[in-house]
Amino acid sequence: MSVKIRLQRHGKKGKPFFHIVVADSRARRDGRFIERLGSYNPITNPATIDLNVDAAVKWLNNGAQPTDTARAILSYKGALYKKHLQGGVAKGAFDEAEAEKRFNAWLEAKETKVQGKVDGLSQAKADAKKAALEAETKVNEARVAAVAQAEADAKAAEEAANAPVAEEVVAEETTEETPAADASEENAEA
């Protein structure tokens, strides 16, 4: 019997969620499995991986063959590196404490790198939100300025429409007074 470490698909259409399982290679993809090692959610950014590293290393040492995607996940979480270190301990290159120290140092570096990506993504999201807010503010200011300009144009047009009428009224009054003044001057001479 050949044993594989592979992914078992769950979730709904368009939103996959995977269980990382140890299964017989002849079993169906979502069928029977021997042991569940963890889960993998590719929808989140960065992808969420929950893995029991010790159990994965135990199965790797027993001869389980990971699929390509499962191998990438095991490598990402350090299960393959831990198996490699255990091989060094078995050969006598270094002791178990040194292997554990190296694995913990690698794990801390990996967590720092992942946290850096998360921080970068949150910073990019905040910057995008700030840029969108500034753009919206500029658009709103432009709208307010356009409305104010339209009101000023309307007021100026109204004043311009009223001003010639007032000038005509004043002009009519002065022209009407002029003949009356001429008539009074003629009466004064007579």
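Guide: Let us begin with the largest pocket, whose lining comprises seven nonpolar, one polar and three charged residues. Please note that this is a predicted model.

Visitor: Which residues line the largest pocket, and which helix gives the most?

Guide: Among them are Pro46, Tyr76, Trp106 and Glu111. Helix H4 gives the most, with five residues. The space in the pocket is about 210 Å³.

Visitor: Why is the pair of Tyr81 and Trp106 called tilted?

Guide: A search of the whole structure finds three aromatic pairs. In the pair of Tyr81 and Trp106, the centres are 5.8 Å apart and the planes form an angle of 35°.

Visitor: What makes the pair of Phe103 and Trp106 stacked?

Guide: Here the planes are 20° apart, with 6.2 Å from centre to centre. Planes under 30 degrees apart count as stacked, so the term applies. Tyr81, Phe103 and Trp106 form one aromatic cluster.

Visitor: Why is Phe103 called buried, and why is Trp106 called partly exposed?

Guide: Phe103 has a relative accessible area of 6%, and buried means under 20%. Trp106 has 24%, which lies between the limits of 20% and 50%, so Trp106 counts as partly exposed.

Visitor: How do you know that the charged end of Lys82 sits over the ring of Phe103?

Guide: The charged end of Lys82 is 5.1 Å from the centre of that ring. The distance must be within 6 Å, and the direction within 35 degrees of the ring normal.

Key: Residues are numbered from 1 along each chain as its sequence is written. This is a predicted model: local features need pLDDT of at least 70, side-chain atom pairs count only at pLDDT 80 or more; totals for chains, interfaces and linings use all residues. Side-chain values use heavy atoms; hydrogens and water are left out. On a 1 Å grid over the protein atoms alone, a cavity is a set of points where a 1.4 Å probe fits but cannot get out, and a pocket is an open set with protein on both sides within 12 Å along at least five of seven lines; lining residues have an atom within 4 Å of a point. Grid points are joined across faces, edges and corners, and a volume is the space filled by probe spheres set on the points. Helices (H or I, at least four residues) and strands (E, at least two) are DSSP runs, numbered from the N terminus. Ala, Val, Leu, Ile, Met, Phe, Trp, Tyr, Cys and Pro count as nonpolar, Asp, Glu, Lys and Arg as charged, and the others, Gly among them, as polar. Rings of Phe, Tyr and Trp (its six-membered ring) pair if their centres lie within 6.5 Å; planes under 30 degrees apart count as stacked, over 60 as edge-to-face and the rest as tilted. Buried means under 20% relative accessible area, exposed over 50%, partly exposed in between (1.4 Å probe, protein chains only).
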